[in-house]
Amino acid sequence: MPRIISNDYLTLLVRLVLGGVFIYAAYYKIVDPAQFAKSIWYYHLVLGQVINISALILPWLELLTGVALILGAYYRGAVLWVNILLLVFIAALASAAYRGISIDCGCFKAAAASSDSAMQTIYRDFGYLVLGIQLWLSRSRRWMLANL
Amino acid sequence: MIRQAFVLLLFSIILGLVVNLFHPNKIPYIGEYRELSAGEGPIIPPSASEGDPPFIAVDVAQMEHQMGGTLFVDARDSMEFNCGTIPGSINLPFDYLPAENLAQHIDSSLGRVPKDKPMIVFCSGEECDLSLHLARNFKGFGYTHVSIFFGGAREWEKFGLEMERRAKCPE
């Protein structure tokens, strides 16, 4: 394994970036759950009965995951969720793109207008996934609350 | 690791469910979404042109209606509106709007509706293009989130969705 992957500074930077992105993404969804529920509905992937429940729980999972990454508490669990969630988001976007469904991704501002195409969003999420994999592989445990 | 992930999920479930109880924009825990014409896409009239507000299908209209927060505008005359319309709609009969000062008339008819309020304009159905004309005017006057439900009241009723009837009318 290349040493750079476990570099303390790199790992801290990636934690802050990914954690910040997840907290930012969660904020708008928590503020306006109805808009986020609409975003989920447009994917036609989730059963109607569980759309609202998903719209209520998912943003909090993003928020707690982001906070846990930055603080370094419940860290391995947070890294696992980051990678699972990114894979789910990529799969959902790819599925929508494949079916020709025109959607706003609902990534950052729920159903607010976004000029990003589904493919652009998939590329961006792949970028985040690379960061998530770095955290997965990194052995650095510096500057973590759990170690204090 | 699995235990930590489970704890994060558990707290997310608790927070998501509890915070919604006190949320100013709370939503029902179980949504009443209906599978209608999903996948068939919206009805788009031949008279539609590029730059028109987007057209939406009945399943999108139903979803927006049950979620709330979207203003439904019926562009037909008041008699048709009273005979049966989408519940909660307001009536803005396009045929009876004045030719002069149309922007001010629409603004005052809509009350203090912000320009970015999501709005869905409709009329009877496919033979009626009042919704198209009214929605074009809305867009021209600066309303930014206007959609057209071209299936209209007839398609709404055809799918068994609730109608609001203010008057008894002949079939």
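Figure 1. Chain A has five helices and zero strands, taken as DSSP runs numbered from the N terminus (helices are H or I, at least four residues; strands are E, at least two). Along the sequence that reads α-α-α-α-α. Residues are numbered from 1 along each chain as its sequence is written, with chains lettered from A and ligands numbered from 1 in the order in which they are written. Because the model is predicted, local features need pLDDT of at least 70 and side-chain atom pairs count only at pLDDT 80 or more, while totals for chains, interfaces and linings use all residues.

**Figure 2. Confidence along chain A.** Mean pLDDT (the predictor's confidence in each residue, from 0 to 100) is 89 here, and 88% of the residues reach 70 or more. Residues 110-115 stay under 50.

Figure 3. Beyond four places in sequence, V121(B) touches residues including V73(B), L134(B) and I148(B) (contact: C-beta atoms, placed from the backbone, within 7 Å).

**Figure 4. P24(B) in its loop.** P24(B) lies between helix 1 (2-22) and helix 2 (58-67) of chain B. It counts as exposed because it has 6 C-beta neighbours inside 10 Å (buried is 20 or more other C-beta atoms within 10 Å, exposed 12 or fewer, partly exposed in between; C-beta atoms are placed from the backbone). H105(B) is 81 residues from P24(B) in sequence and 32 Å away, C-alpha to C-alpha.

Conventions: Two residues are in contact if their C-beta atoms, placed from the backbone, lie within 7 Å.
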